[in-house]
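Please look over the structure below. This report takes its contacts and charged pairs in turn.

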Amino acid sequence: MKEFVLLFRQPSYDYSEVSPKEMQALAQKWKDWVGNISSQGKLADNGIRLSLEGKVLKPGGVITDGPFVEIKERLGSFIVIKADNIEEATTLAHGCPALDAGGSVEIRPVFG
Amino acid sequence: MEMKEENVLKDLFQREFSKMVAVISKLYGLQHIEIAEDIVSETFLVAAETWGVKGMPENPTAWLYVVAKQKTLYHFRRNKIFDEKVVPALPRDPENHGNTTIPDFSEGNIRDSQLQMLFAVCNPAITSEAQMGLALRILCGFGIDEIAEAFLSKKDTINKRLFRAKDKLRTANIKMEFPPEHEIIPRLDNVLHIIYLLFNEGYYSRTQNHILRKDLCLEAMRLGIMLSEYEKTNLPKTNALIALMCFHASRFDARQSEGNNFILYKHQNPELWDKTLIKQGMRFLELSARGEEISSYHLEAKIACWHCYREDTAEKWEDILQLYDSLLKLNYSPVVALNRIYALYKAEGERAALEEAEGLNMEGSHFYYVLLGELYKNMNREKARASLKKAYALAGTPPEKEEIQKQINGL
């Protein structure tokens, strides 16, 4: 088995729609998705969480607030999974709640 | 166990959303209320993702406060709103410079901010419908779809209403602060009225969503209790309003049937009445018996209190009749007049009631004809039938029609 990192990105969200019920449903979706991977014994690491705020250093000492000022999709966080090949890893990425919000999941193999 | 954890997030949202929005709005000004809402909403989105993947932190509330604090500072700094607009407007506090610009999520500050937000939102500068909408969103953490359902309106309508209301808060330069001493009473009157309307919206709402209705009532009660915990707003009429809500809420479960229909008072099983809420109501009713003023909340609370005793006694109905008389003098409304006639019927019989009922001009109301049907029942069956048939034609909902049909069949 090889390891793959799943990076999820989410577009900006319509905050005026956020409701208690929706939050409950959303947390459940994340849990179900990770839980499903984990129950197959394929979760290697549930990663670290990144704060959405930070800075970006660019050439010439230019520092901007970011990282998501210039990009439409902000990088959320990531998990590390185990799979036989990238096809299987991609299959496991299905159901990631970031997709429901119009975001994406990037699947990247980890070098041994 | 799993289910429980998810409910924790929903409950946390309902409880903490309003606290955090109030604290952040208090710090940076009510004109930035939408930014405060966005920051808090995003905090919850991150919580949903993070807790879903990593599990709940040990102290979820503290986690939320830390993340919201970071986001707030970051946002206002990044957009220079902070330096250019917020800082010059902040009150100068020489002993505490630097610290006043970080959201303070201490218990005391949360309480003060929420109370001040309540006064800001319940401001007559905006329509009472908009005040209710804002209160539900900003003070009770309801989603737009839930507010729309409660008011039987479209989401779009609610969004526009809230947008205009927030705009008005800005242009009217409404501030988050306690009203000055001499204004507390009239301002509190308006706040109490909005809480009363919110409760009624939940109690009599036409939406079929039982849980939503109950949530509305509970939130109205929570806001009332919040006012009673602050010395300057803990007035007799505040307690009277809370008592009134407790008595009505005590029958919430007893009046709900399996099929989502309402069970009429006379058919309810008193065993299902919530004894704890009735006791709470009695306590607040006692607390309301101070001072000189007898508000409409006092009178309504006493009437509602009588209805917690099932037995019909002469004393009960005579007292209720007097309470309705006083209520009508305070502010006349056709619905109260109609209820008074029912009390008159119970206290003095159908003849006295009929005489007054005929003077009432309520030909558009099915309640009026239901009452006439009841009054004629033992005197003139044909008139009773004719009245109930009119009531049937006017009734708006199937459960009401069903109940009226039952009465026609029972004649």
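## Where two chains meet

How many residues does the contact take from chain B and from chain A? It takes 33 residues from chain B and 33 residues from chain A. Keep in mind that this is a predicted model.

The size of an interface is often given as the accessible area lost when the parts come together. Here, the area buried between chain B and chain A is about 3,000 Å². Carbon and sulfur atoms give 57% of that area. On the chain B side, B:L45, B:E49 and B:V53 lose the most area to chain A. Together they make up 22% of what that side buries.

## What crosses the interface

Polar contacts do occur: 3 residue pairs, both residues at pLDDT 80 or more. Several helices of chain B give two or more residues to the side that touches chain A, among them α1 (2–28), α3 (60–78) and α8 (155–171). The largest share, 12 residues, comes from α2(B).

## Charged pairs

Side chains of opposite charge can pair when their charged atoms come close. Over all chains, the whole structure holds 26 salt bridges. One of the pairs is B:E34 with B:R170, at 3.4 Å from N to O. B:E34 sits in helix α2 of chain B and B:R170 in helix α8 of chain B, 136 residues apart. B:E34 counts as partly exposed, at 26% relative accessibility. B:R170 is also partly exposed, at 28%.

B:K237 takes part in two pairs. With B:D189, the closest N and O atoms are 2.6 Å apart. That pair joins helix α9 (residues 184–204) to helix α11 (residues 236–249) of chain B, 48 residues apart. With B:E293, the N to O distance is 3.4 Å. B:E293 lies in the loop between α12 (275–288) and α13 (296–306) of chain B, so this pair ties together parts 56 residues apart in sequence.

Is B:K237 buried or exposed? B:K237 is buried, with a relative accessible area of 5%. In chain A, a network of salt bridges links A:R9, A:E106 and A:R108.

Chain B is assigned domain 1 (1–90), domain 2 (109–229) and domain 3 (368–411). The centres of domain 2 and domain 3 of chain B are 37 Å apart, taken over C-alpha atoms.

Helix α5 (residues 107–121) of chain B has 15 residues. Its span from first to last C-alpha is 21 Å, close to the 21 Å expected. Its buried residues include B:I110, B:L115 and B:F119.

Definitions and conventions
Residues numbered from 1 in each chain as written. Chains lettered and ligands numbered in written order. Predicted model: local features only at pLDDT ≥ 70, side-chain atom pairs only at ≥ 80, totals over all residues. Heavy atoms only, no water. Domains from an automatic or database assignment. Helix = DSSP H or I, 4+ residues; strand = E, 2+ residues; numbered from the N terminus. Expected span 1.5 Å × (residues − 1). Buried < 20%, exposed > 50% of the residue type's maximum accessible area, 1.4 Å probe, protein only. Contact = heavy atoms within 4.5 Å. Buried area = accessible area lost by both parts, 1.4 Å probe. Polar contact = N/O pair within 3.5 Å; in protein donor to acceptor, adjacent residues only side chain to side chain. Salt bridge = Lys/Arg side-chain N within 4 Å of Asp/Glu carboxyl O.
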